[in-house]
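Open the model in your viewer and keep the selection tool at hand. This tour goes stop by stop.

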Amino acid sequence: MAVFIRSLSYAHNANTTSPALDAISLDLPPGSRTVIVGPNGAGKSTLLQILAGKRLVNAADIRIKDRDVFRDSPPGVTFLGTEWAMNPVVRGDIVVSHFLDSVGGYRHKERRDILLDILDVDLDWHMHQISDGERRRVQLVFGLMAPYDVLLLDEVTVDLDVLVRDDLLQFLKRDSETRGATVIYATHIFDGLNQFPTHIAHMAFGRLVTPPSPWPLTLGSALGAQFGSSTLYNVALQWLKEDREYRRELEKNGRKTRGALKDQTVPSDSETFYRKYDYSH
């Protein structure tokens, strides 16, 4: 298996009663492309960060290419997350061409040039002068120009326009099919994604509600019997609606509610203060 996880639980706070990940187990074969569907806070980013070795876990079996992620770190694993573009180092006054050369772009010239064209990146851009979306494109060139065996994508296409995103997904799909690279992709944008995955999975409340299941759906599968020939967008929408309904049921039974404080009869200290000194009326 390219990715193997057994009994993975993780909590950001040792005293919490709601772990970020709760008894996650999955298997992903080489060459698979898995799209993970789930609401904000489902645990998707935490899962990918653990697979990338960025968060330490002791009591779980987590392997990539049959090597322990923490004790025998496997080569060929690329993680691309949203925090990169906010790093002050990559927001400094450095020309894109110099930046890519400084991280070895010349060693992967063919792939780098393909990605520069797909992502429409100008080598003369200065990193501190470009938009977040353009900086995201540079990140993708930076992260994808070296061949990988396992690619962990966490929402990094959210800033791309639809044409660039579609071209990038086609590149990733070809890369997976020709080199047997494995891709795990957590995203909230499902339009135009129908032809990309080989598997889909559903995460909610730190649990793997639906383990990676073959895509497109077949009538003989459990998901096929439930959804028929639905698109990935419609399947994701239904899962997210179920997650929201389940959360609201939990809130009715004592879980802390989200949204406005509808039953608040006593004004907060801040409200009292600002009412006292509000001269706008």
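In which sense do β9 and strand β10 (residues 207-214) pair, and over how many bridges? They pair in the antiparallel sense, over 5 bridges. Strands here are DSSP runs of E with at least two residues, helices are runs of H or I with at least four, and both are numbered from the N terminus. Two strands pair if DSSP finds at least two bridges between them.

This is a predicted model: local features need pLDDT of at least 70, side-chain atom pairs count only at pLDDT 80 or more, and totals for chains, interfaces and linings use all residues. Residues are numbered from 1 along each chain as its sequence is written, and side-chain values use heavy atoms, leaving out hydrogens and water.

Select residues 199-204, strand β9. Of its 6 residues, 6 are buried (under 20% relative accessible area; exposed is over 50%, partly exposed in between; 1.4 Å probe, protein chains only). In a regular strand, side chains alternate between the two faces of the sheet. In β9, His-199, Ala-201 and Met-203 are buried on one side, and Ile-200, His-202 and Ala-204 on the other.

Now pick Ile-200. Its bridge partner in β10 is Ser-213. Ile-200 is also the bridge partner of Val-35.

Next, go to Phe-205. In the hairpin of β9 and β10, with 2 residues between the strands, Phe-205 takes a positive phi near 55°.

Last stop: Tyr-274, in helix α8 (residues 269-276). Tyr-274 is exposed, with a relative accessible area of 58%.
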